[in-house]
Amino acid sequence: MSGRPTALRHVDLGPFFRPRSIVVIGASDTPGSPAATMFAKIRAWGDAHGATVHPVNPNREVVAGLACARSLD
């Protein structure tokens, strides 16, 4: 009718749902901060699923014992 395809196409979502590495922008380990809580949760998930977690924060060299990148560059 409209000329657009109506059939679903196969898309591999494995890399999205089972990543091998995760970058956390704004990672922190400041006790009680929301960023620290989220980073800890993401890191725990990554550890449990075999993904490497990479913290990024321009104001830190280390976050929770991991070397921290200053930017995505």
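What radius of gyration does the protein have, and what would a compact globule of 73 residues have?

**Figure 1. The whole protein, a predicted model.** The radius of gyration is 17 Å, whereas a compact globule of 73 residues would come near 11 Å. Along the principal axes, the C-alpha atoms fill a box of roughly 60 × 25 × 25 Å. Two helices and four strands make up the secondary structure, and they follow the pattern α-β-α-β-β-β along the sequence. Buried residues account for 23% of the 73 residues. The accessible surface is about 5,900 Å², and 59% of that surface belongs to carbon and sulfur atoms. Of the contacts between residues at least 6 apart in sequence, 49% join residues at least 24 apart.

**Figure 2. A look at S28 and its surroundings.** Start your tour in the loop between β1 (21-25) and α2 (34-49), where S28 lies. With a relative accessible area of 8%, S28 is buried, because buried means under 20%. A polar atom of the S28 side chain lies 3.1 Å from the backbone nitrogen of T30. Leaving aside neighbours within four places in sequence, S28 is in contact with S33, A35, A36, F39, R60 and V63.

**Figure 3. The salt bridge between R60 and D29.** R60 lies in the loop between β2 (52-56) and β3 (62-63) and D29 in the loop between β1 and α2, so the pair ties together parts that are 31 residues apart in sequence. Side chains of opposite charge can pair when their charged atoms come close. R60 is partly exposed, with a relative accessible area of 22%. D29 is partly exposed too, at 35%.

**Figure 4. The largest nonpolar core.** Eight residues form this core: I22, V24, A27, F39, A51, V53, V63 and C68. For A51, the contacts beyond four places in sequence are P19, R20, S21, I22 and G46.

**Figure 5. A35 in helix α2.** A35 counts as partly exposed, at 29% relative accessibility. Setting aside neighbours within four places in sequence, A35 is in contact with G26 and S28. Now look across to L13: A35 and L13 are 22 residues apart in sequence, and their C-alpha atoms are 27 Å apart in space.

Methods:
Residues are numbered from 1 along each chain as its sequence is written. This is a predicted model: local features need pLDDT of at least 70, side-chain atom pairs count only at pLDDT 80 or more; totals for chains, interfaces and linings use all residues. Side-chain values use heavy atoms; hydrogens and water are left out. Buried means under 20% relative accessible area, exposed over 50%, partly exposed in between (1.4 Å probe, protein chains only). A polar contact is a pair of N or O atoms within 3.5 Å; within protein, one must be able to donate a hydrogen and the other to accept it, and residues adjacent in sequence count only if both atoms are side-chain atoms. Contact means heavy atoms within 4.5 Å. A salt bridge is a side-chain nitrogen of Lys or Arg within 4 Å of a carboxyl oxygen of Asp or Glu. A nonpolar core is a set of buried Ala, Val, Leu, Ile, Met, Phe, Trp, Tyr and Cys residues joined through side-chain atoms within 4.5 Å. The radius of gyration is taken over C-alpha atoms; the globule rule is 2.2 Å times the number of residues to the power 0.38. Accessible areas come from the Shrake-Rupley method with a 1.4 Å probe; for residues, only the protein chains shown count as cover.
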